Amino acid sequence: MKKITPFLLAAALISTASLSCKGGLSKTLTFSRDEIQSKVEEKFPIKRTAAVVTLVLTNPDIVLKNGSDRIALKADAEAKLPGSGLAGLIGLGSDAYKGSVLIDGDVEYDPREGTFYFTKGKIKELSIEGVPEQLNGPVSELADAAASNNLNKVPLFTLDEKDMKERAAKFLLK
């Protein structure tokens, strides 16, 4: 799989990517934020569980920044303790804590499949209000696992083999 250069990513995801060959054939591929959003939403909600806590990520929102070669997404995050009322009994307070997570990742192109993927998701920010200190480690580990496993190789766009211009684009992007 090829990592998309900053120029190609910015051009393809934020505005357009123009691909051309000797014969003057050009193809403009446009990936809208909403198209990317709908592909990423298919992966949600994400639920990761450890012995002492469950992390649930919902409501992803794609964030595209001009000049960046990465895609970011912000999602709601909720850390839940197992069992009803258990937190109060062991002195941790609430059973659920809410906040948000910011994950960013690369866009890579797989020339065999002709598909652009969101890959290598990494946590940039994790903010969950009131989480007891002893749960910070497990919550962070679960968030990292969600970013690197659940959000790895999310298909964003596949070139259409039946479309002559997209087939040419696939050939040129090798």
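**Contacts, salt bridges and packing in a predicted model**

Of the contacts in the protein with a separation of 6 or more, 58% come from residues 24 or more positions apart; contact here means heavy atoms within 4.5 Å. The model is predicted, so local features need pLDDT of at least 70 and side-chain atom pairs count only at pLDDT 80 or more, while totals for chains, interfaces and linings use all residues. Residues are numbered from 1 along each chain as its sequence is written, and side-chain values use heavy atoms, with hydrogens and water left out.

The secondary structure comprises 5 helices and 9 strands. Helices (H or I, at least four residues) and strands (E, at least two) are DSSP runs, numbered from the N terminus. From the N terminus on, the order of elements is β-α-β-β-α-β-β-β-α-β-β-α-β-α. Buried residues make up 41% of the 174 residues in the protein. Buried means under 20% relative accessible area, exposed means over 50%, and partly exposed lies in between (1.4 Å probe, protein chains only).

Helix H2 spans residues 33-41, and Ile36, Gln37 and Val40 are buried in this helix. These three cover an arc of only 105° around the axis, so they lie on the same side of H2. The arc is that of the directions from the helix axis to the C-beta atoms. An α-helix has 3.6 residues a turn, so residues three or four places apart point the same way.

The whole structure holds 8 salt bridges. A salt bridge is a side-chain nitrogen of Lys or Arg within 4 Å of a carboxyl oxygen of Asp or Glu. One of them joins the side chains of arginine 33 and aspartate 61 (2.2 Å, N to O). Arginine 33 lies in helix H2 and aspartate 61 in strand S5 (residues 54-64), so the pair ties together parts 28 residues apart in sequence. Arginine 33 is partly exposed, at 30% relative accessible area. Aspartate 61 is also partly exposed, at 37%. A network of salt bridges links Arg33, Asp34 and Asp61.

Strand S7 (residues 96-110) contains glutamate 108. In one, the side chains of aspartate 106 and arginine 70 meet (2.5 Å, N to O). Aspartate 106 is buried at 5% relative accessibility. Arginine 70 is partly exposed at 22%. In the other, lysine 98 pairs with glutamate 78, the closest N and O atoms being 3.9 Å apart. Lysine 98 is exposed, with a relative accessible area of 58%. Glutamate 78 is buried, with 18%.

Glutamate 108 is buried, at 7% relative accessible area. A polar contact of 3.4 Å joins its side chain to that of threonine 119. Such a contact is a pair of N or O atoms within 3.5 Å; within protein, one must be able to donate a hydrogen and the other to accept it, and residues adjacent in sequence count only if both atoms are side-chain atoms.

Rings of Phe, Tyr and Trp (its six-membered ring) pair if their centres lie within 6.5 Å; planes under 30 degrees apart count as stacked, over 60 as edge-to-face and the rest as tilted. The count comes to 1 aromatic pair. The rings of tyrosine 109 and phenylalanine 116 have centres 4.9 Å apart and planes at 45°, so the pair is tilted. Both residues, tyrosine 109 and phenylalanine 116, are buried.
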